[in-house]
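Here's a quick briefing to read alongside the model. Have the sequence and the 3D view open as you go.

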Amino acid sequence: MKRKTKEQTTSKLDVEMDEDESSHSEGEEEEGPKGTKRIMKQGVSEDDGVLRPVKLSRGELYKPPTAEELNQLKESESLFHCSLLKMQMEELLKEVALSEKKKRLVDSFVLKVTELLHSVPQTAEVELSDQSSLFKDVKIPFLLVPKAAKGKFHMAPPASVSLVGSYPLGTCTKPRVSVDLAITIPPSVLHPKDALNQRYPRKRALYLAGLAQHLSCPDIGTMRYSCLHGNRLRPLLLLTPPGKDSSSLTLRLHVFPPPGFFKPNRFHPQRNNVRTGWYTGLAVPVPDASEPPTPHYNSTLLGDLLPRVHLQFLSACSAQCAAFADAVSLLKVWLRQRELDQGSGCFSGFIGSMLVAYLLTTHRVSNTMTAYQLLRNCLHFLASSDLTENGITLARDPDSTAPSLSEFHSAFQVVFVDPSGHLNLCADMTANTYKHIQHEAVLSLQFWDDPTLDSFQALLMTPKPLIRTCDHLFQLCSLVKLQAACKKLNLLSELMDHSGNYVLTALPFILSLLQRGLGERVCLLTHSLSPDPEWLVDSEPPKHKDQPPLSFGLLLNPEFAASVLERGPEAHSPEAVEFRQDDQSAEFQDGTITEAVLWGATSACQKRLIPCQIITHLLQLHADIPESSVRYTGGLLDDVIKRDESTGEEESLKVVQSFDDLSRKLWGLKDLPLSITAVQGAHPSLRYTQVFPPVPVKLDYLFFGRDKISRALVPKEGKPCPIYLTPVKVICHMEGSGKWPHDRLAIRHIKTAFHIRLGELLKKHHRYTCHATPKHLDVWKDGLVFRVQVAYHREPQVLRESISPEGMLRYRDNLEARALELETLHRPYLTSTLHGLQQQHPSFGGVCRLAKRWLGAQLFSADVSEDAADLLVASLFLHPAPFTPPSSPQVGLLRFLHLLSTFDWKNSPLVVNLNGQLTAPDYIEIKNDFITLRETLPIMFIATPKDKKLSIWTKEGPSVQLLQRLIVVAAESLRVLEAQLMDPSQTQDVRVAMRPPLDAYDVLIHLNPKQVPLLAQAVDPPHATFTRGTVPGSIASTGGALPVIDFDPVIHYLADLRDAFGDLALFFCDPYGGTVIAVLWKPQAFSPLHFKTSQMSARRLQVTGEEVHATPNVEAILEDFCIMGEGLVKKVEPRTERWVV
């Protein structure tokens, strides 16, 4: 056998060599491209058949790959990515699978409960309406609306007890381990007509209460009632084991009728089983033919008949497909992370199991597929199939009484029929919930194969709560108001169908109303799934109004969401009558006359809240839901960056327009020794990310003093600190020329001369007030200050040059060259790139402003630079998976905090692919370099297309310790903010997430608010205000005295403190109006040092025996804090004694 294989191999190689003989004969010498001889040896020896290496010519060795080879490389790369994802999923399955120990716990507890259930005593028969004498220690888990009911009831031992659901199927997963136990009511308790008028559901609830009373014993831990997916007609009894295992397992007791007790055709969606006369209590007879159908009530009762049949069907599918259970487990994890598997109308794990079974039975997938492949096919099916329009069925040969798909569609919004052909598994699901599932499936498939993303993390490990998924959120708080909505919308028949649950009755109609009203403004309108209520067995069941508020999420369409004009139908069309409420006709430029609504909004932050105006108007007008019951949380965080009803968009636009005008005028200047090659912005306001953009101001000259020489304005003693004017940095590149010197000092002199000349020309031609310095030129224009800095492209290279002692020219990197490169090359490029990102995503600037306001408020601004913060936010827009790019500042801030608190900064680089310039190989290169050089790189590493190896934006910080604190504070802020936004019972104060915890600091330096120029920007601005030297009125675009520029005493004081005591302490302050400087002593600073005169600054001597040490003189340092900040410092407050020596 071995000989035969060897002969076949030799024969094959000989054939290949024969095909190549035309160019390379056996043993032939070939002249290489440069005259070198290369010998082509035969691949296999004639004597022993041993394989030999084949030498290729240079042309063959380096020839470009063929199309087939490129396809093979692409396929290998894709297979590697898929294999990695598959292995990660396999590890996840091991984590969520139940351990053998847990299974033994489940089996023993089930066995114990089963034994107790078989000993249920028989009781005397009583009237169904007389429940007062039935049970003493427990309440009945049912809302008796109406109270009247016919029939008799008694307790009796169950006919059977068996496991159903995910546990016997093998798809039960952690962390919430719930095991379902089916208890069959004995036939003697029921009557064939119990399907009418809630008789069976009431007997079911009574039987469950009887079981609860019987199971009250030491062998059972806690007992609570709940409902299956929020359906009040299907109460459950939840049991936990006693002792330490009580939190690890929940046994859910379901009560079902005997198999075949009710005929399935009785529950046809078009049949009625709740009589109008009984429900309303009115004695007016209604013919059976005119009774409205009760499809939801019917599907609820039918669902109790089929659990065992469904288990048998799924077990058969699982037996045929080895990966069935794993695929279902993965799908359940996917649904759970998106909060779609719990609550009323959810896509439960059971429906997910049925979906996998559907794909298997319809041969859309193969039985031999892996769990990875099955999950992908499930998501592909959900993404491409609209069950709101084209329902699907598992019934292969339904009987003649089974409803058709069209009959199901007429009764339900989403249709997925079970194997019996009678039950719609998605009966309670709204179309909006299915659209949400479809949207999530589409998103998941988009990033599934992306090699630049951690697909596993985005797909299965990142939680997606509604508040972090949707751009805007609003809640209906007073759910009792929905009763009025049902009356306004005339929903009596639907209310009967939902057994008085006015919340679920009104929900589909409210969703349809809002969907029509919002139109193209939203890509997705979804809602929270009301959680399954739980209550103790000795408590009354909660009323419908007691459930948590109903939350709605809007995924905005940035193109139309902020439009103030709503065009309706043509004025004379029939649709105009319905549209015409508070609108009026308008003629447009194209000549058409249509109905139109103009919503009141002027600023960008007001336009973002136009959906709020639409929603409150529609709910009030069509559903009698007052505006006070609607809690809209789409813009609650705007207040922390709001100034005069604007959140910065309009101010940023004015700065950009003024800069563009200055740029044109700089380009147009003549009489310059060298021409200008580029004028670039290098300031956050020019990319719309400045927290509080510069505002044009008109100065009150009487408030200031005058410089004796230049006549520029100066602060006047005794007055409050004047307004802070931010200089907007502009880089002006001059052309390269042999006229430039090659000496660093001479280059600086030339640049100074250019600053002077530019100022002269701007003053001469445009009458701008200018002030030239060696480093820059300040231009006072349109009430704004622009700081123009001349740049020469070879200057960083000159700064790196030095002459060795041997007279050799050498290049060495240094801080000065890097800083200049950052100012003149990297920051202008970043500004222009992020400006482009703002044009694509209008909410980018707002998210940056909120994120940097949070960093400043929490005292992290000195460690996370503005540029680094902007890049962090940019990553949320460029790599949003598993979300869509944020379309509101609020959701952007929540995702920013989540990114900070969950990203693996220690082991992963954050790659921000600006302009899409990085390819998959670039990502691999960045990660490999990061791993190789990890010890020398910043702890927070951000890579961009122009900065793959160094992370220049985070080189100076944060440190490891500060990053750790940043992560902790971000996680806590996220928790607090989401609770504030989602829980209406809490005191509404979102600013609480902006207030820093000061208890961790050693010293607090309180500042005089009068001398804090940005006091109005504080998180909690004081009621007292100070005049800062400005007056209202029109602002001249040119002329005027030069104002006080870039003067903030707090910044200068902080710089002095860090220079003097930076080796002893860290100093923190909110740059946006903070009135407290927090001081944290460095632990190593209090280690005694051997006495040296050079190290005695801020220290005192400590003599121990013959040794003399120097330790920090804390009392003197605190006194120095006051002396250095005289006039600015109000008081110094020591906060702890642990550092006293």
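What follows covers the annotated stretches, the salt bridges, the cavities and one proline.

This is a predicted model, where local features need pLDDT of at least 70 and side-chain atom pairs count only at pLDDT 80 or more, while totals for chains, interfaces and linings use all residues. Residues are numbered from 1 along each chain as its sequence is written, and side-chain values use heavy atoms, with hydrogens and water left out.

**Annotated stretches**

- An unreviewed UniProt entry lists "domain: Nrap protein" for residues 179-318, 323-462, 469-623, 642-839, 841-995 and 998-1132. UniProt positions follow the numbering used here, feature names are shortened, and annotations may be inferred rather than shown by experiment.
- Take residues 642-839: this span is 37% helix and 21% strand, and its end C-alpha atoms sit 21 Å apart. Helices (H or I, at least four residues) and strands (E, at least two) are DSSP runs, numbered from the N terminus.
- For residues 841-995, the figures are 50% helix and 3% strand, with 29 Å between the end C-alpha atoms.

**Salt bridges**

- The model has 48 salt bridges, each being a side-chain nitrogen of Lys or Arg within 4 Å of a carboxyl oxygen of Asp or Glu.
- One of them joins Glu540 and Lys139, at 3.8 Å from N to O. Glu540 is in the loop between β14 (534-536) and β15 (550-556) and Lys139 is in the loop between β3 (126-127) and β4 (152-153), so this pair ties together parts 401 residues apart in sequence.
- Glu540 is exposed at 52% relative accessibility, while Lys139 is partly exposed at 35%. Here buried means under 20% relative accessible area, exposed means over 50%, and partly exposed is in between (1.4 Å probe, protein chains only).
- Lys665 pairs with Asp661, with their closest N and O atoms 3.0 Å apart. Both belong to helix α23 (residues 649-667), and because they are four residues apart, about one helical turn separates them. Lys665 is partly exposed, at 23%.
- Glu866 and Lys852 form a salt bridge at 2.8 Å, N to O. Glu866 is in helix α28 (residues 866-878) and Lys852 in helix α27 (residues 844-857), 14 residues apart. Glu866 is partly exposed at 28%, whereas Lys852 is buried at 3%.
- Those two also belong to a salt-bridge network that includes Arg687, Lys729, Glu823, Arg827, Asp867 and Asp870.

**Cavities**

- There are five cavities of 30 Å³ or more. On a 1 Å grid over the protein atoms alone, a cavity is a set of points where a 1.4 Å probe fits but cannot get out, and lining residues have an atom within 4 Å of a point.
- The largest cavity holds about 60 Å³ of space. Grid points are joined across faces, edges and corners, and the volume is the space filled by probe spheres set on the points.
- His826, Tyr829, Leu830, Leu914, Thr944, Lys946, Asp947, Ile952 and Trp953 line the largest cavity.
- That lining has five nonpolar, two polar and two charged residues. Ala, Val, Leu, Ile, Met, Phe, Trp, Tyr, Cys and Pro count as nonpolar, Asp, Glu, Lys and Arg as charged, and the others, Gly among them, as polar.

**Pro403**

- You'll find Pro403 in the loop between β10 (392-393) and α13 (405-411), and Pro403 is buried at 9% relative accessible area.
- Leaving aside neighbours within four places in sequence, Pro403 is in contact (heavy atoms within 4.5 Å) with His268, Pro269, Phe408, Gly421 and His422.
- Between the C-alpha atoms of Pro403 and Leu1057, 654 residues apart along the chain, there are 80 Å.

Methods. 1 Å grid on protein atoms, 1.4 Å probe; cavity = no way out; pocket = protein on both sides within 12 Å on 5 of 7 lines; lining within 4 Å.
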